[in-house]
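This report goes through selected parts of one protein model, from a sheet to a helix and its aromatic rings. Please keep the sequence and the 3D view open while reading.

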Amino acid sequence: MDSENTTTEKNWKHSLLYLIFIISILHLTNQTNFSRKLILGNETVRIKKNPELPLRFRSDGTFKILQVADMHYGNGITRCRDVLASEFEFCSDLNTTQFLKRVIEKESPDFLAFTDNIFGSSSPDAAESMFKAFGPAMESGLPWAAILGNHDQESTLNREELMTLISLMDYSVSQINPSADSLTDSATGRMISKIDGFGNYNLRVYGAPGSMLANNSVLNLFFLDSGDRVVYQGIRTYGWIKDSQLQWLRHVSRELQVTH
């Protein structure tokens, strides 16, 4: 009996030491910029870089958003459309990348919002195109978020996979869909029915540091998936915001009004 107790005690101590070791490693990699990778076996696992949160207004009461709409990014060398014939040979996705870098540098925004990002038919690898399209945002170190348009899923990833990928990119605050908390009615405890689409979420922007509103969200940014292509009454057309999404938006809005 004593032997069994001794063995159990040793196993328990070894497990505790192992747990402490893992927590220490994760803490160190999260607190320092020296190591952003973990080696697991023969695989290198990269740790996502997170922006400074929460989002908040500046001390002068401003919060600048740079919205980047309809980039329609291809494979990095896709030619431009709707340009002069003399410009066609020299215009590609790279122009978009350089333009975005210049705008970010000149405008110094607090937050970047992307809507409709890659042109699926010109993107043989959706993940590669996404990384190139959002490259300037990740390089800037600024918080950014994205929502899908009607062309994003026309390549190698579906809409859920795309939003999952975007949510894991450096400095992205994008979400796949609302958290369970935001789908629960605090008054009744009932869950809202499943929400349509992927990429429905809201981001809170807090007051300026040191102000009376520093711990309160004074601006809420809602992102809604408007879908892609659908067939309605025999006609192929674009998607739209569904009732379940509006129900969720109204619910979150009411909850925020109650808590503030």
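## A parallel sheet and its helix

Strand 4 pairs with strand 5 (residues 111-115) in the parallel sense, over five bridges. Helices (H or I, at least four residues) and strands (E, at least two) are DSSP runs, numbered from the N terminus; two strands pair if DSSP finds at least two bridges between them. The model is a predicted one, in which local features need pLDDT of at least 70 and side-chain atom pairs count only at pLDDT 80 or more, while totals for chains, interfaces and linings use all residues. Residues are numbered from 1 along each chain as its sequence is written, and side-chain values use heavy atoms, with hydrogens and water left out.

One of the bridges can be named: Leu66 has Leu112 in strand 5 as its bridge partner. Helix 3 (residues 93-107) packs on the sheet and touches strand 4 and strand 5; contact means heavy atoms within 4.5 Å. The direction of helix 3 makes about 165° with that of strand 4. For such angles, axes are lines fitted to C-alpha atoms, for helices over the stretch in contact, and the angles run from 0 to 180 degrees between N-to-C directions.

The sheet is open and has three strands in the order 4-5-6, with parallel pairing. Strand 4 (65-69) and strand 6 (144-147) are at the edges with a single partner strand each, so one side of each has no neighbour in the sheet. From one strand to the next, the twist averages 15°.

## Helix 7

Helix 7 (residues 243-259) has 17 residues and reaches 24 Å from its first C-alpha to its last, close to the 24 Å expected. The expected span is 1.5 Å times one less than the number of residues. Its buried residues are Ser244, Gln245, Trp248, His251, Val252 and Leu256. Seen down the axis of helix 7, these buried residues fall within an arc of 130°, so they line one face of the helix; the arc is that of the directions from the helix axis to the C-beta atoms. On the other side, Asp243, Gln257 and Val258 are exposed. Buried means under 20% relative accessible area, exposed over 50%, and partly exposed in between (1.4 Å probe, protein chains only). The buried residues of helix 7 pack against strand 7 (201-206) and strand 8 (217-223).

## Aromatic pairs

The whole structure holds eight aromatic pairs. Rings of Phe, Tyr and Trp (its six-membered ring) pair if their centres lie within 6.5 Å; planes under 30 degrees apart count as stacked, over 60 as edge-to-face and the rest as tilted. Two of the pairs are listed here.

| Pair | Centre to centre | Angle between planes | Type |
|---|---|---|---|
| Tyr201 and Phe223 | 4.7 Å | 5° | stacked |
| Phe222 and Trp248 | 5.9 Å | 75° | edge-to-face |

Tyr201 is in strand 7 and Phe223 in strand 8, so their pair ties together parts 22 residues apart in sequence. Both Tyr201 and Phe223 are buried. Phe222 in strand 8 and Trp248 in helix 7 are 26 residues apart. Phe222 counts as partly exposed at 30% relative accessibility, whereas Trp248 is buried at 0%.

## A hairpin and a loop residue

Strand 9 (residues 229-232) and strand 10 (residues 235-238) run antiparallel and are joined by four bridges. They form a hairpin with two residues between them. Asn150, in the loop between strand 6 and helix 6 (159-167), is buried, with a relative accessible area of 14%.
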